[in-house]
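Please keep the sequence and the structure in view while reading.

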Amino acid sequence: ILCCDQTLWLDVEEQEIYDGVQNRHMMTTPQKLLLKNEHADQNPHHLEMLKESLNIKTEVQQLQVSSNIRHTFLPLLNGQEVTISAVSSPGLFYVQLLEHQQQLYDLHDYIDSKMNSHLCTITQSVLVGDYVIAKFPVDERWYRGVVMSSDGEMNQIFFLDYGDTEWICKDHCYKLPTSMLEVPIQAIECKLNSGCKNTMSWSMNVADHLWNIGQENVLVAKVAGISVGQHSMHNKCYIVDLVIKDSGGEVSDVLVEIDTICVKKANSWMQQYVDKLNLHSSVEEQLGEVQLIQSYVLHHASPAVSGDVIQCLLKFASVAPENVAIMLLRTVAGLLTFQSRFLDIKEESLTSILNFLAYQSVQMNEITLVILQLVEPLLPQEMVSLKAIVESLMALLKRDVSIHTHCSVLQLLWCFMRRDHRCIDGDSMDLILGVGKKSEMLGKCVEPIMTLVKVMYDDEN
């Protein structure tokens with residue numbers, strides 16, 4: 001079966017069934033695999049032919065090709081030379097097959113000739129989801145795209161052959177003619193296979209370095225896996241190892257080294273800002289310094305600071321005036337939200353965090369609970385201070401706080417009980433059950449705790 005100039009080898013699944021006489025029947029039909037992975041081409045008889053050649057004894061349904069749009073695929077077994085066409089981060093970028101470059105250039109020449117002769121500029125209403133020809137604002141050439149969203153005057157266009165997304169004036173968007181669909185879509189969505197790193201855990205400068213590496217070198221992409229993609233027209237993202245062809249070096253190794261340098265610089269700058277915090281300054285001056293930290297985090301550092309910096313921010317917040325503390329806690333929560341690299345959060349950090357639960361302020365309690373929820377997965381499995389955490393949460397559960405706060409406390413208790421269900425005693429369970437009876441929402445938050453307790457104690461018995 002041929003698709004996009006590649007050969008697809010079909011590995012047929014089969015099962016032996018004994019019903020007096022040994023017979024062999026097809027239990028999974030090939031068209032399910034073809035439909036799922038969109039590997040079928042415009043040959044309405046290929047499944048019937050496959051059935052005949054394999055002597056399959058089940059009926060094969062007719063395959064319906066739903067669209068004329070075809071996609072380019074990365075081969076799963078062998079490396080393929082590629083060029084990078086767009087980069088958001090190492091966790092989301094787009095490549096094109098190097099062997100298809102001339103085909104793509106010819107397509108651009110064809111599109112330009114049609115647009116310059118005004119053969120494609122018939123006024124038509126363009127809707128979200130439509131395939132279009134759109135003018136890219138940087139070079140003012142016309143490219144194939146799809147409308148992702150619209151605000152009336154502007155259309156958000158995803159450029160199918162490159163992976164860029166731009167807002168384009170509606171006057172520069174036209175319906176895609178059928179003659180321009182013959183060449184498969186060239187942009188292939190990828191993410192770098194880099195161990196524990198993911199889309200949100202790279203410092204900001206690394207995307208620029210990945211782009212530069214792709215422009216200066218021929219790269220070989222080797223597929224390590226497939227995940228769900230960002231765009232609905234082809235919901236597939238390749239997890240790839242990128243190798244520099246000339247040197248044989250792994251791109252991920254280069255980026256990790258660059259990322260480490262960026263993190264060190266970010267931590268150095270952040271520490272300078274943190275060191276300027278002074279309890280002897282006026283509240284206005286402290287708020288000004290915290291705003292500088294927030295601005296730096298927003299524009300430069302996030303996500304690229306260490307747990308030590310977080311500890312410094314928490315330590316200062318624990319003794320700062322409440323309005324300063326709230327700003328610092330929001331900064332910490334923002335960093336934790338955007339940064340999954342915080343594997344060096346120390347258990348001692350909880351001491352400062354738990355102190356904030358003693359405040360009567362609703363804002364302070366709620367932002368502290370958010371931080372606890374973000375920190376919990378990053379803490380060591382065995383924790384000496386687990387009992388102290390639970391006691392602080394139970395104390396908050398006794399107070400007259402909002403349903404939202406109680407829900408957050410119950411969710412956290414469930415998280416910590418998964419570590420050690422014995423951290424909750426009988427009196428605490430009575431309190432939890434009592435809170436659960438206050439509203440339907442709280443009752444739903446208590447249900448997972450009760451299920452966990454039942455399972456744990458059944459296992460022990």
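## Basis of the report

The structure is a predicted model. Every residue number counts from 1 along the chain as its sequence is written.

Strands β8 (142-150) and β9 (154-159) run antiparallel and are joined by five bridges. Within this pairing, Val147 has Ile157 in β9 as its bridge partner. The two strands form a hairpin with three residues between them. Gly152, in the turn of this hairpin, has a positive phi of about 105°.

The hairpin of β9 and β10 has five residues between the strands, and Gly163 takes a positive phi near 100°. Where does Gly152 stand relative to Cys169, in sequence and in space? The two are 17 residues apart in sequence, while their C-alpha atoms are 9.4 Å apart.

Most residues other than glycine have a negative phi. Glu140 is not a glycine, yet its phi is positive, at about 60°. Glu140 lies in the loop between β7 (131-135) and β8. Is Glu140 buried or exposed? Glu140 counts as exposed because its relative accessibility is 55%, and the limit for exposed residues is over 50%.

## Strands β12, β13 and β14

Strand β14 (residues 237-244) pairs with two strands described here. With strand β12 (residues 188-192), β14 pairs in the parallel sense over three bridges; Cys190 has Tyr238 in β14 as its bridge partner. With β13, β14 pairs in the antiparallel sense over eight bridges, and Val220 stands opposite Val243 in β14. Strand β14 is mostly covered, with six of its eight residues buried.

Strand β13 (residues 219-227) contains Ile226. The relative accessible area of Ile226 is 44%, so this residue is partly exposed. Together with Leu76 and Leu77, Ile226 makes a nonpolar surface patch of about 360 Å².

Helix α10 (residues 362-375) has 14 residues. At 1.5 Å a residue, the helix should span 20 Å; the expected span is 1.5 Å times one less than the number of residues. The end C-alpha atoms of α10 are 20 Å apart, which agrees with this expectation. The buried residues of α10 include Met364, Ile367, Leu369, Ile371, Leu372 and Val375. Asn365 and Thr368 are also among them.

In helix α13 (residues 426-436), the buried residues are Ser428, Met429, Ile432, Val435 and Gly436. Why do they lie on the same side of α13? They cover an arc of only 120° around the axis, and therefore they are placed on the same side of the helix. The face of α13 turned away from this buried side carries the exposed residues Asp427 and Asp430.

Terms used: Predicted model: local features only at pLDDT ≥ 70, side-chain atom pairs only at ≥ 80, totals over all residues. Heavy atoms only, no water. Patch = residues over 30% accessible without salt bridge, like charges linked within 9 Å, V, L, I, M, F, W, Y side chains within 5 Å. Areas by Shrake-Rupley, 256 points an atom, 1.4 Å probe, with all protein chains shown as cover. Salt bridge = Lys/Arg side-chain N within 4 Å of Asp/Glu carboxyl O. Helix = DSSP H or I, 4+ residues; strand = E, 2+ residues; numbered from the N terminus. Buried < 20%, exposed > 50% of the residue type's maximum accessible area, 1.4 Å probe, protein only. Pairing = 2+ DSSP bridges. Arc of directions from axis to C-beta.
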